[in-house]
Amino acid sequence: MLEIKNLHAAVDGVAILKGIDLTINAGEVHAIMGPNGSGKSTLAQVLAGHPAYEVTEGSVTYEGRDLLGLEPEERACAGVFLAFQYPVEIHGITNAYFLRAAINAKRKCQDLEELDPIDFMEMLEEKLDVIGWTDSLMERPVNHGFSGGEKKRNEILQMAVLEPKLAVLDETDSGLDIDALKAVADAVNKLRSPDNASLVVTHYQRLLNFIVPDFVHVLARGRIAKSGGKELALELESKGYDWIKEPAGV
Amino acid sequence: MTKEPEIRDEYVADYEAFSRNGGSGVPQWFEDLRRAAISQFSATGFPTTRDERWRFTNVARLKDTKFALANGERPTLSLGEVKQHVLGAGADQCLVFLNGRYSKELSSIGGIPQGVLAGSLRDVANSGSKRVERHLAKYAKTSDSPFTALSTAFMSDGAFVYVPQNTIIGEPIQLLFLTASAGRPVVAHPRNLIVVDRNAAASVVESHIGLVDGTYWTNAVTEAVVQENARLHLYRVQREGGEASHTATTQSHQRRDSSFALTTIELGSALSRHDINAVLAGQGAECSLYGLTQIQGRQHVDHHTTIEHARPHCNSWEFFNGIYDDDSRGVFTGRIVVHPGAQQTDSKQTNNNLLLSKGARADSQPQLEIYADDVKCTHGATLGPIDEKALFYLQTRGIEAEAARNLLTYGFGVEILNRIEIAELRDQLDQLVHVRLDEGAERRRAGK
Ligand SMILES: Nc1ncnc2c1ncn2[C@@H]1O[C@H](COP(=O)(O)OP(=O)(O)OP(=O)(O)O)[C@@H](O)[C@H]1O
Ligand SMILES: [Mg+2]
């Protein structure tokens, strides 16, 4: 589904990703761990198409297409979703209005009719029910004055509504209480299917108890330094990152 | 360009002619107010950008054009043409003014509740109403602005609204000022007085709409008196023609425990300057000022606001957003004066300006003058282009770049439009904002 080859990326002329190779097949969940500043968010932003990150070398193929040649909205249309580490606040636009704009953008590229406000609310209620949240945040401007945990939950709600094929979650578990964490895990697990895949960036093994990954990768200084199964996360939790020295081939 | 003293002389001469002809037959006290005002204007003339209060707004286009008084012009307009500008809610309490003069034929006042007075200021003043005499021109000072001086000097018609004690009016009273078929540059000085008496509540919609593309000038003054424990929500919509100039003062005066809200939307005219002066003259009074400007081309809108906390325990909120496209220009001044002894004042001011193009410009200046020690005054301003982070965020949710830009811009507008409690008015303005956004997006797509 996703094939990253020798990916190099820079921001403001500073090289950050220095040759990433990673293949994600449909049906798989991959976790990425690694020290602060190692490039995890950079990788996530490059996949989503952030214009500030310049790809200097390498390629990313998504379902046979050149992902890097697509605009961010085209990637979204093709089923790529990024849950931001730091979700953005938006003036004036309510969460409900925003979600409806997003779902209708998606429906437009699927050649489906727009949802009117009533149908939309019905669909939304359903999603909220499934992830066990109330709609108290729906009439507030997007992320405006939301607590850290509320912002993260909001990312998950968007994911649940948009039902992406490839979900990239950047530290969505940070700052969540245990109930919210379970809800996040539930939402990701619900999307799990032979056709979908997820890439979960996290610092904590805790999340991986609920979203059991097929593969765990360690990113260090812009490269994948080690890859393994789910037991690698446990090992990292007890030993830290220092023991990983040599970048390992995938 | 004519020299300044000669321009003043011309206005004085216009005044003399006016007071003999079109403006004659008014009570003596009315005439006295006018005469004092023209000598005030003749002493100062038009403001210049050397005056701190006029630093960012050049009124040369008013000074250099010879405007004839619009009062005499009586263009014909059908009810049908007027109707599209009348809100369904309160359609039968709508006063229509055509080129500054009250039009009985175009107005619809059947729904005005018993005891409530809403009619032509000229008619009411001539009928010898003590109420008008007690309040008219007592709040908007001719020394504050040369345009208020001109308004008072050429005072002839406008709306007088009086809501008696304990009366609550559900539907808004509409004041519709239309300018039509100005074959030559004309000026109208609509003058309004709204008095909401003790424990009464009302909302008023004051709209200025241009039905012509040519050069004309509207110089409006509205005085609003909100008595003890009364409530007034005043909406003001400025949609003058593209070559028009609009100068205005909205002056409010509040007594104890009263509440006044002004929501002002500026969309039209080439040049607009709106002075808003709110005086909190009684304990426990509350005042909210909301403003939205959305302009393009070479339009210029200047909001000059002053909130005076004259008594303790008053709250004021001020929230102005501006959306500037092309080479348009916005100015916001937020002056807050807390008088000695006005303790426990709580005041908050926010001014956000969105610049949609490289040529657009906005200036924002808070001015806090605080002479009491136990007060809470906060202010904040933002100025800049669309937030790139927010833009990317929306794009990652599948929203195409131009649509995302518009959505973010709309957010600025809707923050203010949401304050409008009349659904129909809100929807109508929402529509106008969207049309402008779509036009802007079209222009950008075409320019690429
Ligand atoms: N605009 C920039 N200019 C220069 N360096 C930058 C810029 N943005 C990010 N970086 C650097 O890129 C490196 C990788 O950042 P990134 O956010 O990808 O790390 P991360 O692995 O997600 O870290 P964390 O675990 O703290 O979230 C960091 O050293 C960061 O300081
Ligand atoms: Mg990160």
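Buried area here is the accessible area (1.4 Å probe) that two parts lose on being put together, summed over both. With that in hand, welcome to a predicted model, in which local features need pLDDT of at least 70, side-chain atom pairs count only at pLDDT 80 or more, and totals for chains, interfaces and linings use all residues. Residues are numbered from 1 along each chain as its sequence is written, chains are lettered from A and ligands numbered from 1 in the order in which they are written, and side-chain values use heavy atoms, with hydrogens and water left out. Domain 1 and domain 2 of chain B bury about 1100 Å² between them, while chain B and chain A bury about 2000 Å².

**The two domains of chain B**

- Chain B has a domain 1 (4–282) and a domain 2 (387–448), with bounds that come from an automatic or database domain assignment.
- Taken over C-alpha atoms, the centres of these two domains of chain B are 32 Å apart.
- Contact (heavy atoms within 4.5 Å) links 14 residues of domain 1 of chain B to twelve residues of domain 2 of chain B.
- Of the area buried between domain 1 and domain 2 of chain B, 70% lies on carbon and sulfur atoms.
- On the domain 1 side, B:Leu87, B:Tyr235 and B:Leu267 lose the most area to domain 2 of chain B, together 45% of what that side buries.
- There are zero salt bridges between domain 1 and domain 2 of chain B, where a salt bridge is a side-chain nitrogen of Lys or Arg within 4 Å of a carboxyl oxygen of Asp or Glu.
- Four residue pairs (both at pLDDT 80 or more) are in polar contact between domain 1 and domain 2 of chain B. A polar contact is a pair of N or O atoms within 3.5 Å; within protein, one must be able to donate a hydrogen and the other to accept it, and residues adjacent in sequence count only if both atoms are side-chain atoms.
- β9 (201–210), β11 (231–239) and β13 (259–266) of chain B each supply at least two residues of the domain 1 side that touches domain 2 of chain B. Helices (H or I, at least four residues) and strands (E, at least two) are DSSP runs, numbered from the N terminus.
- The largest share of that domain 1 side, four residues, comes from β11(B).

**Where chain B meets chain A**

- In this interface, 22 residues of chain B are in contact with 30 residues of chain A.
- Carbon and sulfur atoms carry 69% of the area that chain B and chain A bury between them.
- B:Phe392, B:Tyr393 and B:Arg397 supply 40% of the area that chain B buries against chain A, more than any other three residues.
- The rule finds one salt bridge across the interface of chain B and chain A: the side chains of A:Glu155 and B:Arg397 meet at 2.7 Å, N to O.
- Nine residue pairs (both at pLDDT 80 or more) are in polar contact across the interface of chain B and chain A.
- α8 (388–396) and α9 (401–417) of chain B are the elements that give two or more residues to the side of chain B that touches chain A.
- α9(B) gives that side its largest share, eight residues.

**A closer look at α8(B)**

- α8(B) is mostly covered, with seven of its nine residues buried. Buried means under 20% relative accessible area, exposed over 50%, and partly exposed in between (1.4 Å probe, protein chains only).
- The buried residues of α8(B) include B:Phe392 and B:Tyr393.
- The buried residues of α8(B) pack against α1 (40–48), α2 (72–77), β6 (80–83), α3 (95–109) and α5 of chain A, together with α9 of chain B.
- At the start of α8(B), a side-chain oxygen of B:Asp387 reaches to within 3.0 Å of the backbone nitrogen of B:Lys389.
- B:Gly398, whose phi is positive, near 90°, follows α8(B).

**Two buried residues**

- A:Trp133 is found in the loop between α4 (117–131) and α5 (148–162) of chain A, and it counts as buried because its relative accessibility is 12%.
- A:Trp133 and A:Ala183 are 50 residues apart in sequence and 9.0 Å apart in space, C-alpha to C-alpha.
- B:Asn321 is found in strand β17 (residues 315–324) of chain B and is buried, with a relative accessible area of 2%.
- The side chain of B:Asn321 makes a polar contact with the side chain of B:Asn352 (3.3 Å).
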